[in-house]
Amino acid sequence: MTVIQARDVSLTFQTADGPVHALKDVSLTIERGDFVSFIGPSGCGKTTFLRAIAALETPTAGKLEVADMTPDQARRQRAYGYVFQAPGLYPWRTIAGNISLPLEIMGFARADRLQRIARVLDLVDLAGFGGKYPWQLSGGMQQRASIARALAFDADILLMDEPFGALDEIVRDRLNEALLDLWKKTGKTIGFVTHSIPEAVYLSTKIVVMSPRPGRITRVIDSPLPRDRPLEIRDTPEFIALAQQVRDGLREGHSYD
Amino acid sequence: MSALPVIAVWIGAIGLNTWLSRFDSRATRLAVALIFGATILILWEMAVRIYAVPPVILPAPSQIGASFAANTAILWSDFVQTIVKGALTGWLIGAGAAIATAIAIDRSPFLQRGLLPIGNFVAALPIVGIAPILVMWFGFDWQSKAAVVVVMVFFPILVNMVAGLAATEPMQRDLMATWAAPYGASLWKLRLPAAMPFLFNGLKITTTLALIGAIVAEFFGSPTKGMGFRISTAVGRLDLPLVWAEILVAAIAGSLFYGIVALIEKKVTFWHPSQRPQRG
Amino acid sequence: MTEATASPGSTVLGRGLGRALPILTVLLAIIAIWYLAAIWMNATWVRDQAVRADTVLTTGDLIRQTLTLERPVLPAPHQVAAGLWEGIAGQKITSKRSLVWHGWVTLSATLAGFAIGTAAGVLLAVGIVHNRAMDQSVMPWAVASQTVPILAIAPMVIVVFASMGVTGLLPKAMIAAWLSFFPVLVGMVKGLRTPDAMQLDLMHSWNASRVQQFWRLRLPSSLPYLFASLKVAIAAALVGTIVGELPAGATSGLGARLLSGSYYGQTVQIWAALFAAAILAAVLVMLIGALERLTLRRMGLAR
């Protein structure tokens, strides 16, 4: 079943230095349960595309549908959870309070809220930290809390904008594993922006390679890797070949400028 | 020759503090500050006695203390009249009005862009000057003093509150958008809490302004009590120890007022980096 | 103002208008409210007069009279403007009724005090940054003293000085100096401490002397803080001077104008003096702002 469909989506920003074509004629279909990574150099529009899906930006041309609705309708239906590069937790709320926030806004009952908080804390391996304040936790734990927050209201789609970009390699590996595990358990559709080739190859069922000026898709690679992926899979020839393909796609995009 | 003991105390205190300041712990820091304060008082007392400075020009700390102890009833009634009735009432009304205005214009960027520069401009003006006008309008009693205080504290608090409401990061606002949060929810759950450090900044700087407004307004007319009234009549009778006792009351009241607001701030904005306990 | 000189062509007008329009709207609204308030607040008196004179007032008469009273409860904006113009341009500058003359009396004391206070504040800040004993002794008291309503005792200082036979500019300048001293001290200490450990280590690795470190690193990085506190300080100095002109007996300065206006119920005079003070404050703050932009731009710190 198709969850996200983009047809010839373009997005142009008007700036003092003239128009900037952040996206040009982007077409893409994302199926239910897909793990889709967007990769490319900065300025290729990968974040803009994700924000357009989330209705945080409005395309200037083309058609974009999320769960058979316009992105804005989908936003109002609370069809997706969004995770930013920084945790963006409220310092004046505890971890549990932060996860509770979207639930409060969406009008969940108190008992239901507590149950959901406990469940997602468990899911991201933060059980027992609900009473702490964000500034008492490490960066990796904060980012896990922000993922828990995005999961709490059980949207079918999870949009993640370089969620591990600010973390060190070791923490990132662990969170990648945890994310795959979570994806298998919940069966959500995940859109994931990254600039790391190993991360994209390791996580995704579909890798979207993008390139800048104007922002566009240069290659869409379907991953032949199985859904069960231990970390060691990164040393297999299949993985390395796939990474090579992505690298080629990136280089191809670059030859334009 | 008579300067010798003064110089000796001074040098002794410098030496002591220089030695103490090397340790740089919480206790020694406090000690250094207290020793400095005490040294100033002792030097003041010594200078007045040795050089026989007439009390009309500068009374000794001991004379001020004696006057304070002898006039507690007067000082208390002046405190109630000026600080509690005038300054505190005015401060509360002014702060309430400023916060309400900031929230009211929150949805209109146009009004904010209009009011902010004017507010900033007015905050730098010598607003105490309106005291004679407000005393004419509201009479000699505390109401006119409270009115002066309202005008003086309104703009600094307004400017801080408006800045505070605008202080959320774009990411936080985007997050609210992804949850399709209505205006009320994002105001109540995100922007008001985020504005608190700014609001308290405004509230703290206006505590002193409130006292100044209430006292100065009394120079333009007051009933026969109040700190400003007492200061101006005591100066007229050259009863300088009483004047200094009133100044002491003003200093204590000012520090207390500020301290209480700072304490509330600590409770409310415990999460802000400036308030968190320092971690290694 | 900054942008207007920095960016070219037609956008300047558009952006300037975009910024001025909201301000103008709010100003117009304030003036409109002021007129309504003037009519409302002066109406009682006008009605009383009419009853006493046994005349019947039409609404038009009422409004006209409320806006032209000689001693209104609240003068209308045009009356204040007229009073201000009369005080500035309608008198010889040496006249005792000239606002320029009174303004100059206030300004000279303000500037003298501001200069003394700033110099003392900067010097003490330099000492505090380089001497730990001084820092720990003085800073807590300097910070705590900000919470004390020092301004309120300004008139007393004047009277005490007068009893010693010192009058005129000096006592007022002392108050202004005292008030501008603390903001400069606190801001300057903060500014001199802005260089972080890495920048200081770098200086150390070049074997820079303490003097070099001061002139090449600490002083330049403190300038933005210094200018911010100078703006606060000059406003405080002006307020201090004006309050210092309030005690009975003062005959010159904008504060004395306020006081004599309030004694004789000359409301237009009070408002005119008030606006003269406001204009003076605005000009002083703007001058420092201009100096700040000039300095910071030359240092490459401005945007």
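The model is predicted.

**Chain C against chain B**

Contact between these chains involves 49 residues of chain C and 49 residues of chain B. They bury about 4000 Å² between them, and carbon and sulfur atoms give 82% of it. Three residues, Gln136(C), Thr147(C) and Met156(C), supply 16% of the area that chain C buries against chain B, more than any other three residues. The elements of chain C that give two or more residues to this side are α2 (10-53), α6 (132-145), α7 (154-163), α10 (210-244), α11 (254-263) and α12 (267-298). By class, the side of chain C that touches chain B has 37 nonpolar, 11 polar and 1 charged residues. Between chain C and chain B there are 0 salt bridges. Residue pairs in polar contact number 5, both residues at pLDDT 80 or more.

**Within chain B**

Chain B is assigned domain 1 (4-52) and domain 2 (67-268). Their centres, taken over C-alpha atoms, are separated by 35 Å.

Helix α6 of chain B spans residues 131-138, and Ala131(B), Pro132(B), Ile133(B), Leu134(B) and Val135(B) are buried there. The buried residues of α6(B) pack against α7 (142-165) and α9 (183-218) of chain B, together with α11 and α12 of chain C. Just after α6(B), Gly139(B) has a positive phi of about 85°.

Ala123(B) sits in helix α5 (residues 109-123) of chain B. Ala123(B) counts as partly exposed because its relative accessibility is 38%, between the 20% and 50% cut-offs.

Chain A divides into domain 1 (2-79 + 156-254) and domain 2 (88-154). The table lists values for this pair of domains.

| Item | Value |
|---|---|
| Separation of centres over C-alpha atoms, domains 1 and 2 of chain A | 25 Å |
| Area buried between domains 1 and 2 of chain A | about 1100 Å² |
| Closest N and O atoms, Asp154(A) and Lys188(A) | 3.4 Å |

In contact are 14 residues of domain 1 of chain A and 13 residues of domain 2 of chain A. Carbon and sulfur atoms give 73% of the buried area. In domain 1 of chain A, Arg78(A), Leu175(A) and Leu182(A) lose the most area to domain 2 of chain A, together 42% of what that side buries.

The interface of these domains has 1 salt bridge. Asp154(A) also forms a salt bridge with Lys188(A). Helix α6(A) gives the most to the side of domain 1 of chain A that touches domain 2 of chain A, with 6 residues. That side has 8 nonpolar, 1 polar and 5 charged residues.

Notes:
Residues numbered from 1 in each chain as written. Chains lettered and ligands numbered in written order. Predicted model: local features only at pLDDT ≥ 70, side-chain atom pairs only at ≥ 80, totals over all residues. Heavy atoms only, no water. Contact = heavy atoms within 4.5 Å. Buried area = accessible area lost by both parts, 1.4 Å probe. Salt bridge = Lys/Arg side-chain N within 4 Å of Asp/Glu carboxyl O. Polar contact = N/O pair within 3.5 Å; in protein donor to acceptor, adjacent residues only side chain to side chain. Helix = DSSP H or I, 4+ residues; strand = E, 2+ residues; numbered from the N terminus. Nonpolar A, V, L, I, M, F, W, Y, C, P; charged D, E, K, R; others polar. Domains from an automatic or database assignment. Buried < 20%, exposed > 50% of the residue type's maximum accessible area, 1.4 Å probe, protein only.
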